[in-house]
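User: I am new to this structure and would like to learn how to read it. Please take me through it one feature at a time.

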Amino acid sequence: MTTFNKKSGLRSRWQNDLFIALFLVLTGVLGYLALEFRTQWDLSQNNRNSLSQASIDILQKFDGPVQITVYATQQDLQLGDIRGIISNFVSVYQRIKPDLILNFIDPVEQPQQAQSAGVRLNGEIVISFKERKERLATINEQAFSNALVRLARTGKKQLQVLSGHGERKMDGIAQRDMGNFNKKLLETGFESKSFSFADQPEIPDTGILVIASPQTELLEGEVKKILDYLAKGGNLLWLVDTGPLYGLLPLAEKLGIVLTPGVVVDPQADRLRVPSTFALGTLYGSHAVTENFDFITVFPFARQLIPEENTDWRSVTLAEAAPQGWVETGPLEGEISFDEENDVAGPVGIAVALNRVVEDREQRVVIVGSGHFLANSYLGNGGNLDLGMNMINWLAGDESFISIQPRVTIDSRLELSELQLTLIATGFLIALPLIFLVSGLFISWYRKRR
């Protein structure tokens, strides 16, 4: 009996020693793998704890180190450990770009440095790349990545916006104006300037000409100057509403675009409880503007654009709408229905991109058959803002810069029914304690039997 106990003890000790040895080896291997290979998984819904692909692409555009200087105290009365918050945020970017260098300066202990940097707020951030700098007062992916976009651009991009004929104002706050779109342009490194032929005899050739839905007739001389600008290779964004072209028919003819009369009617809009005159863009052409673009866009009171075949321009229909709808040529009164004799069946082309080579330089033009598309009152619908930014980026020759929008936090709120709450409460307050009690009694009874 004693020999058996000795053998059993030796075997048990040998098994314990082997287990400890294997456990130590496994721990060492896992530690080595953790140092050599860094892998992370974001299990949150909507991946809200990791960077979007757009932000990752922007980081890859920098060919050198980026300096981030944060002017912040150790503690903030409202935010607490502000340095820790910013450090944790920047670390997500540093995983993609390790040479993103983060430095902290205490504006209280080093007031001269803060004053020379023009710092006004605790927690203000200055991002530097080569000779360019950007400032941030708020910390989130949208603001930070937009600042990186501005740094990555080689220069300021300007939009010359035609005015003097009742056009939509780029800095306006009215519903028909485009002030909200202009704010996004400013955030991503663009600058828009209004000009009138009454003040300037020629169109400044500094980037992109924007013609946003004139409401009065352009003079013949003004139209000629626009055509001259086009002939020299200038880029153009033309937003066209339904109704008359106010003297710009020669421009449409020069571009080889037919603008048919009538309003696009989309029955699918009724299902989404919006007017049927709000055409929903769901079909997109193969183009840099619409690459990987899968959002629904909304084109209120749109008109059809038909590019003619010609050897001068290469054209691509960017967006089509109303595959089950039509172009309504009759009055929009009462119950609207399709008229085979007068109406045009969908799908209907609403946005067109044109390009050609002029003097060894590519010229780019975008025409959209709905000025409401980028107006303040409709910009937030669907992917309007993203598509509008993609158009501007392409016209500026920066189609690789993608519009970054804040991702919706899907899993930030949990809503449960009364039945679900009752089941959870019953499970945690009654069922689990009973299971533990029964398990304890069973284990106690089993041990007593032994």
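User: Is tryptophan 313 buried or exposed?

Analyst: First, a word on the source. This is a predicted model, in which local features need pLDDT of at least 70, side-chain atom pairs count only at pLDDT 80 or more, and totals for chains, interfaces and linings use all residues. Residues are numbered from 1 along each chain as its sequence is written, and side-chain values use heavy atoms, with hydrogens and water left out. Now the general idea: buried means under 20% relative accessible area, exposed means over 50%, and partly exposed lies in between (1.4 Å probe, protein chains only). Tryptophan 313 has 6% relative accessibility, so it counts as buried.

User: Where does tryptophan 313 sit in the chain?

Analyst: Start with how elements are assigned. Helices (H or I, at least four residues) and strands (E, at least two) are DSSP runs, numbered from the N terminus. Tryptophan 313 is in the loop between β13 (305-307) and β14 (314-321).

User: Which residues does tryptophan 313 touch, not counting residues up to four places away in sequence?

Analyst: A contact means heavy atoms within 4.5 Å. With those sequence neighbours left out, tryptophan 313 touches Leu230, Lys254, Leu255, Leu354, Asn355, Arg356, Gln363 and Val365. Take asparagine 355: it is 42 residues from tryptophan 313 in sequence, yet the two are 5.8 Å apart in space, C-alpha to C-alpha.

User: With what does the side chain of glutamine 160 make a polar contact?

Analyst: Its partner is the side chain of glutamine 158, at 3.2 Å. Glutamine 160 belongs to strand β5 (residues 157-162). Its relative accessible area is 4%, so it is buried. Leaving out residues up to four places away in sequence, it touches Lys193, Phe195, Pro204, Thr206, Ile208, Leu209 and Val210.

User: How many salt bridges does a search of the whole structure find?

Analyst: Side chains of opposite charge can pair when their charged atoms come close. The cut-off for a salt bridge is a side-chain nitrogen of Lys or Arg within 4 Å of a carboxyl oxygen of Asp or Glu. The search finds eight. One of them joins glutamate 124 and arginine 135, with the closest N and O atoms 3.2 Å apart. Glutamate 124 lies in strand β3 (residues 124-129) and arginine 135 in strand β4 (residues 132-136), so this pair ties together parts 11 residues apart in sequence. Glutamate 124 is buried at 9% relative accessibility, while arginine 135 is partly exposed at 41%.

User: How far apart are lysine 224 and aspartate 228 in helix α7?

Analyst: An α-helix has 3.6 residues a turn, so residues three or four places apart point the same way. Lysine 224 and aspartate 228 are four residues apart in helix α7 (residues 220-231), which means about one helical turn. They form a salt bridge, the closest N and O atoms being 3.2 Å apart. Lysine 224 is exposed at 52% relative accessibility; aspartate 228 is partly exposed at 31%.

User: Where does helix α11 bend?

Analyst: The bend at a residue is the angle between axes fitted to the seven residues ending there and the seven starting there. α11 bends by about 40° at glycine 427. An expected span is 1.5 Å times one less than the number of residues in a helix. Helix α11 (residues 418-449) has 32 residues and reaches 45 Å from its first C-alpha to its last, close to the 46 Å expected.

User: How many helices and strands does the protein have?

Analyst: There are 11 helices and 18 strands. Buried residues make up 43% of the 450 residues.

Methods
Polar contact = N/O pair within 3.5 Å; in protein donor to acceptor, adjacent residues only side chain to side chain.
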